[in-house]
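Subject: The structure we talked about

Hi there,

Here is the structure I promised to pass on. Please open it alongside this message, and my notes on what turned up follow below.

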Amino acid sequence: MSTFIKDFIEREKISRRNFLFASAAGISASALPGLFAPSSALAHGHGGYALAWSYRDRASAYWNAIVSGGEAYVESLGLDKSEMVNLINEASSEKSLADIKAFLAKNNGMGAIACDANDSPNARPVVEAVRDAGGFISTIWNKTDDLHPWDIGDSYVAHLSWSGEKPSEDAARLLIDKMGGEGGIVHIGGIPANIPAIERLDGLKNALNDNPNVELLDVQSADWDTTKAADVMASLLTRYGDEIKGVHCANDNMAYGVIEALKAEGITGMPITAFDGNPEAVDLVMGGDLLATVFTNPHWGGGIALALAHQAATGAFVPSEEPNEHREFYGPSILVTPDDAAEFKKTYLESTPTYDWTDRWGLSAGQIQYK
Amino acid sequence: MFRNFDIKSLMPIIVLIVLVVFFTAINPNFFSLRNFARIAIAASPFLMVAIGVTFIIVMGSIDLSMEGTVSLSAVIFCFAFLYFGGTLASGGWIALFAAMCFGMFYGALNGFIHAKLLIPSFMSSLAMGFVGIGATVLLTGGGIVRIDDDVFRMLLTYRVQGFPLMVYVAAFFLIAGLLIQKKTILGRNLYAIGGAEDLASASGVPVLKTRIMAFALAGFYYSLAGILQVAKLGQAESVTGANLMFLSITAAVVGGVALWGAIGGVFNALIGVLIVTVINNGMVVIGLPDYIQDGVLGALVIVAVILSTNRSTVKFVK
């Protein structure tokens with residue numbers, strides 16, 4: 001049986017136990033404030049603020065990394081990682097908002113929260129609820145374009161997102177270099193209406209603008225899916241045959257399908273780029289089956305989102321004194337290539353780097369741009 | 001002899017031929033051995049699912065558990081394969097039997113819940129599908145299990161007469177499915193139940209047993225699809241069976257299997273799978289933009305169903 005199940009059960013047990021302890025402590029603490037307050041962890045690292053991460057669930061490797069970043073920040077304060085409250089919204093915007101309100105009410109507004117609001121329209125009620133309760137919040141990913149931290153006030157500390165365009169362009173340039181600056185490319189894209197799918201295709205198009213000898217033969221969607229990517233790639237081989245000199249994929253999973261479709265035809269050495277930096281993809285880069293993938297460092301993103309909210313709460317910095325590029329910014333991305341894949345794997349996948357959480361914008365990739 | 005001959009029963013084949021001619025006329029590359037091999041690779045796992053669900057549809061029920069069963073069988077196959085040494089020679093072949101036995105067991109459980117606990121097959125099988133996907137997520141932790149054995153992967157990479165071995169495996173189980181349908185008591189009982197369950201029961205057909213066996217048979221075919229998916233992609237995960245539910249039922253119906261039961265069979269499932277796969281391949285080969293492909297597929301499915309099913313005797317649709 002996989003260790004995942006054991007870990008999962010263990011984690012559930014711990015969180016249930018903590019919940020019981022927390023409820024018990026909450027009741028006793030309110031009855032006997034003098035007895036508990038001095039000895040509790042609150043007095044040491046929190047600065048009086050309770051910490052929480054609000055998200056859908058941690059079943060995927062990506063979200064697991066986000067949340068582990070939040071836990072790393074909490075541990076950097078000298079606290080146990082269980083001091084961070086996990087507000088799991090299970091893909092419900094209503095639950096996301098209700099949990100955050102309940103968390104703030106329980107802590108008399110003394111809360112520092114990092115949050116993915118589940119969907120864009122939910123971000124506004126969430127940050128307004130935090131402002132009204134006197135807490136502090138950073139958001140990642142979901143937010144409408146007209147909602148800005150500087151319009152809400154210091155309570156809405158920052159928003160962090162990732163753009164696929166620039167890193168996808170970098171991957172495309174590497175691909176074109178490998179092709180010798182000429183030949184045909186096919187792009188295997190995600191679900192056409194998804195923002196990341198659009199951005200990653202735009203990145204490829206930017207790179208093609210400076211490379212007139214490279215032709216974009218076709219753009220086909222494979223819905224982020226491995227099986228569909230294999231079938232689409234096979235069909236593209238029928239249409240274009242030897243004209244295809246390189247494949248640009250919008251994520252790792254589809255690249256796996258493309259590699260297998262080529263393997264079925266006995267084609268080896270075709271340069272292929274992907275996106276997401278999954279462990280399997282990094283192995284394929286090391287093995288030479290994949291030219292590059294892009295890693296977006298979710299661990300740092302999850303940690304810095306909570307760090308910003310908490311440090312604004314404790315007064316370590318004042319959000320309204322910071323420029324806009326510090327309040328809405330892109331997270332980092334790293335192009336993983338054959339030259340550095342082994343090093344990358346050692347640094348980011350087999351271990352986790354220790355970050356200085358007071359270097360608040362050190363890894364920022366610039367202010368968020370709206371189109 | 002031709003008095004009872006029904007042109008409708010040939011329509012699925014005619015639809016398939018028209019599609020092949022149409023795509024070839026626009027891009028002659030479509031009509032080539034290499035492209036037929038590509039279509040066959042895409043169709044092989046898909047065909048196994050369509051045959052499995054055809055047995056259930058013929059019986060007048062529906063099975064929506066295939067995505068969960070395919071994913072779970074594929075993941076169990078990969079874990080077992082790695083446990084027995086990670087190569088076919090070292091004992092990985094045991095994993096083949098483990099996956100097939102699991103598929104049969106899971107299908108039987110599905111049938112038991114439906115037939116014994118009297119839950120409509122639509123609901124019980126859908127629920128079992130969710131259970132399967134959930135179990136796959138738990139087993140894999142949301143990750144991917146990879147198989148790197150070159151001998152096992154010969155199913156994809158080794159070709160005989162231009163077609164990979166996995167296509168011959170699929171063909172073998174296609175013939176097995178035809179024989180089960182035509183030559184076994186189980187096969188005939190499925191049609192009896194699908195035609196009129198009360199009459200079949202009164203005539204001594206063991207309805208409960210037949211239902212459970214039919215779901216076990218479907219589960220077996222889903223596990224074959226899972227194994228062929230791993231052969232094709234070299235990996236298994238919780239989404240290995242994604243999209244197969246809608247596609248396989250569509251294929252069965254397009255091929256002439258009627259959702260009201262007792263009409264059509266394994267051969268129709270084959271034609272339906274080929275029609276759907278040819279459409280998917282052909283749309284890319286003739287250069288149709290990706291954003292209109294889903295719409296075109298939907299429209300062609302409706303046209304194919306109108307042409308290939310005899311609806312004149314249907315008293316009601318539900």
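A term to start with: a nonpolar core is a set of buried Ala, Val, Leu, Ile, Met, Phe, Trp, Tyr and Cys residues joined through C-beta atoms within 7 Å. A residue counts as buried if 20 or more other C-beta atoms lie within 10 Å of its own, as exposed if 12 or fewer do, and as partly exposed in between, with C-beta atoms placed from the backbone. The model is a predicted one, where local features need pLDDT of at least 70 and side-chain atom pairs count only at pLDDT 80 or more, while totals for chains, interfaces and linings use all residues. Residues are numbered from 1 along each chain as its sequence is written, and chains are lettered from A and ligands numbered from 1 in the order in which they are written.

**The cores**

The largest nonpolar core has 147 residues, and the members that touch the most others are A:Ile188, A:Met233, A:Val258 and B:Val49. Helix H10 of chain B (residues 207–233) gives the most to this core, with 17 residues. (Helices are DSSP runs of H or I of at least four residues, strands are runs of E of at least two, and both are numbered from the N terminus.) A second, separate core holds 48 residues, including A:Tyr49, A:Trp53, A:Val130 and A:Leu308. As background, nonpolar side chains tend to be buried together in soluble globular proteins.

If you click on A:Ile188, its contacts beyond four places in sequence include A:Ala229, A:Val232, A:Met233, A:Met254 and A:Val258. Contact here means that the C-beta atoms of two residues, placed from the backbone, lie within 7 Å.

**A helix worth a look in chain A**

Helix H10 of chain A covers residues 252–264. Twelve of its 13 residues are buried, so H10(A) is largely enclosed by the rest of the structure. Among the buried ones are A:Asp252, A:Tyr256, A:Val258, A:Glu260 and A:Leu262. At 1.5 Å times one less than its number of residues, H10(A) should span 18 Å, and its end C-alpha atoms are 19 Å apart, which agrees. After H10(A) comes A:Gly266, with a positive phi near 75°.

**The sheet in chain A**

Six strands of chain A make an open, parallel sheet in the order S2-S1-S3-S4-S5-S11. Strand S2 (84–88) and strand S11 (328–330) are its edges, each pairing on one side only. From one strand to the next, the twist averages 20°. Two strands pair if DSSP finds at least two bridges between them.

Strand S1 (residues 50–55) is joined to S2(A) by five bridges, and A:Tyr55 has A:Ile88 as its bridge partner there. Five of the six residues of S5(A) are buried, so S5(A) is largely enclosed by the rest of the structure.

Helix H5 (residues 123–133) of chain A lies across S3, S4 and S5, at about 165° to S4(A). Helix H12 (residues 298–313) of chain A lies across S1, S3, S4 and S5, at about 160° to S4(A). Axes are lines fitted to C-alpha atoms, for helices over the stretch in contact, and angles run from 0 to 180 degrees between N-to-C directions.

**Where the chains meet**

In all, 27 residues of chain A are in contact with 33 residues of chain B. On the chain A side, the elements giving two or more residues are helix H1 (3–31), strand S7 (214–221), helix H9 (226–240) and H10(A). H9(A) gives the most, with ten residues.

Chain B has 13 helices and four strands, and 52% of its 318 residues count as buried. Its C-alpha trace spans about 60 × 55 × 35 Å along the principal axes.

Which residues other than glycine have a positive phi? A:Asp223 is one, at about 55°, and B:Gln161 is another, with phi near 55°. A:Asp223 sits in the loop between S7 and H9 of chain A and is buried, with 20 other C-beta atoms within 10 Å. B:Gln161 lies in the loop between strand S2 (159–160) and strand S3 (163–164) of chain B and is exposed, with 8.

Happy browsing, and do write back with any questions!
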